[in-house]
Amino acid sequence: MSETHARPPEPEDRSELFVEFANADWSTAAELGSWLVAREIGPRRHSGASLERRLTAFSELRDLVRSIAARTDVGESPTRRQVAALNRVLRDGVHYHQLRERRGDASFVMTPVGDPLDQARAAVAGSLAHFLTDHDPTRLRSCASETCRWLFVDRSPGRRRRWCDMRVCGNRTKVRRHRERARDAAGSTA
Ligand SMILES: [Zn+2]
């Protein structure tokens, strides 16, 4: 998404999985699979075909997270439609366990029922749902840098944080503004 950072800033709270998810740089099924494995969500291995089938659904979830952040960024709550969409993802992740007799001996195993990738998607959606219930939603922001737009959670006391990372986006913007001001000043005295 951006050439300004090598990597997204580390989230301050591991529970903000949805922020990592929205900022992660994946576009193919293989990249998504690596991200899920690295984040230890769902099974350790995913078949290429099942990931390919779910790629659109994951992309839609990322769009949903970003569109919700676009609202909270300007102090608005998520719309009803956005909440309904988030609830659908949560519902898709419904799973349960069943007792099964092992073949050949008298022992039993518990086996999960449900699609592990749908559960992974619901885990991401769940982290956003928990964030919205536990925090002021307007703390979810997107970086003010036009070349960045990464999401972050504003934990500053004054709630005026504008950049995902002050050292990267904040400084760059400051330098640019400084140059613009210097140029304007030079122009007005000429
Ligand atoms: Zn940024």
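Predicted model: local features only at pLDDT ≥ 70, side-chain atom pairs only at ≥ 80, totals over all residues.
Local features need pLDDT of at least 70 and side-chain atom pairs count only at pLDDT 80 or more, while totals for chains, interfaces and linings use all residues. Residues are numbered from 1 along each chain as its sequence is written.

Helices (H or I, at least four residues) and strands (E, at least two) are DSSP runs, numbered from the N terminus.

| Element | Residues |
|---|---|
| Helix 3 | 48-72 |
| Helix 5 | 116-134 |
| Strand 1 | 96-101 |
| Strand 2 | 108-113 |

The axes of helix 3 and helix 5 are 10 Å apart, at an angle of about 10 degrees; axes are lines fitted to C-alpha atoms over the stretch in contact, and angles run from 0 to 180 degrees between N-to-C directions. The two helices are therefore roughly parallel (angles under 35 degrees). Residues in contact (C-beta atoms, placed from the backbone, within 7 Å) include F58 and L61 of helix 3 and V124 and L128 of helix 5.

Strand 1 and strand 2 pair (at least two DSSP bridges) in the antiparallel sense over six bridges, with R100 opposite V109 in strand 2. Six residues separate the strands of this hairpin, and G104 in the turn has a positive phi of about 90 degrees. None of the six residues of strand 2 is buried (20 or more other C-beta atoms within 10 Å of its own), so strand 2 lies largely in the open.

Terms used: Parallel < 35°, antiparallel > 145°, perpendicular 65-115°, else oblique. Contact = placed C-beta atoms within 7 Å. Buried ≥ 20, exposed ≤ 12 C-beta atoms within 10 Å, placed from the backbone.
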